[in-house]
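Colleague: I have a few quick questions about this model. Can we go through them one by one?

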Amino acid sequence: MRQPPFWPAGEAMLVLEGDSGIGKTWQLACLASQVDAPTAVVLLRSTGTCDADLRRAAETVWHQGTKRDHAAPPFSRMAERLRGANASLPNPWLTLLIDDVTSAAEVRRLGEQNWADLGVRIAITVPENLSLEGIVGKEAIREVPEFTNRQLRQFLARHGRGWADIPADVRQHLQLQF
């Protein structure tokens, strides 16, 4: 099957770019499965703005990590507080995965965050046609290729399915790619 995307050690941000339906979300899930404990993983669907994404991430970490019901502090303050309270946290202590980021403004704001200083790695998925020039460096971008016929056959076989089991509208979409 597909190999997970390469995420170089020391790179705080990774951008998975590709056309709709080719497996960007699956690649995020692969990244999540590669994270070793005790590093935390938060997977979110983009809200459309960096501030709202970070608020949701902070709430998730705060409520799950501290078991407290009151409002989470802003993301950067929350990260600083957690790291300050627990010197044994690994670096990175959090892998943040945001799926379906569709605006260049959101990518820009996410790219402006000082993830390494916060002890956070972040990966996002973006559509192929989103212009990233000048927003993130080329070294941070991984193009997600289309599934091959072999990968599709392996997937179907692993799940005990055949081509005829796939709904007609999905088959039509898949045929356009192959």
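Colleague: How many bridges join strand 1 to strand 4?
Modeller: Six bridges join them, and the two strands run parallel. Two strands pair if DSSP finds at least two bridges between them. Strands here are DSSP runs of E with at least two residues, helices are runs of H or I with at least four residues, and both are numbered from the N terminus. Before we go on, this is a predicted model: local features need pLDDT of at least 70, side-chain atom pairs count only at pLDDT 80 or more, and totals for chains, interfaces and linings use all residues. Residues are numbered from 1 along each chain as its sequence is written, and side-chain values use heavy atoms, with hydrogens and water left out.

Colleague: Which residue of strand 4 stands opposite Leu14?
Modeller: Ala123 does.

Colleague: And where is the bridge partner of Glu17?
Modeller: In strand 5, at Glu143. Strand 1 (residues 13–18) and strand 5 pair in the parallel sense over three bridges.

Colleague: What is the strand order in the sheet?
Modeller: The order is 2-3-4-1-5, with five strands in an open sheet and parallel pairing. Strand 2 (40–45) and strand 5 (141–143) are the edge strands, each pairing on one side only. From one strand to the next, the twist averages 15 degrees.

Colleague: Is strand 1 enclosed or exposed, and why?
Modeller: Largely enclosed by the rest of the structure, because six of its six residues are buried. Buried means under 20% relative accessible area, exposed over 50%, and partly exposed in between, using a 1.4 Å probe and protein chains only. Both faces are covered. Met13, Val15 and Glu17 are buried on one side, and Leu14, Leu16 and Gly18 on the other.

Colleague: Which strands does helix 1 lie across?
Modeller: Helix 1 (residues 24–34) lies across strand 1, strand 2, strand 3 (94–99) and strand 4 (120–127). It runs at about 150 degrees to strand 1. Axes are lines fitted to C-alpha atoms, for helices over the stretch in contact, and angles run from 0 to 180 degrees between N-to-C directions.

Colleague: Now Asp53. What is the nearest side chain of opposite charge?
Modeller: Arg56, 5.3 Å away. Asp53 is buried yet has no salt bridge. That would take a side-chain nitrogen of Lys or Arg within 4 Å of a carboxyl oxygen of Asp or Glu. For charge, Lys and Arg count as positive and Asp and Glu as negative; His and the chain ends are not counted.

Colleague: Where does Asp53 sit, and what does it touch?
Modeller: Asp53 is in helix 2 (residues 50–66). Leaving aside neighbours within four places in sequence, its contacts include Leu44, Ile98, Glu106 and Leu110. Contact means heavy atoms within 4.5 Å.

Colleague: Which peptide bond at Pro38 is cis?
Modeller: The one from Ala37 to Pro38, with omega near 10 degrees. Pro38 is in the loop between helix 1 and strand 2. The bond from Asn91 to Pro92 is also cis, with omega near 5 degrees.
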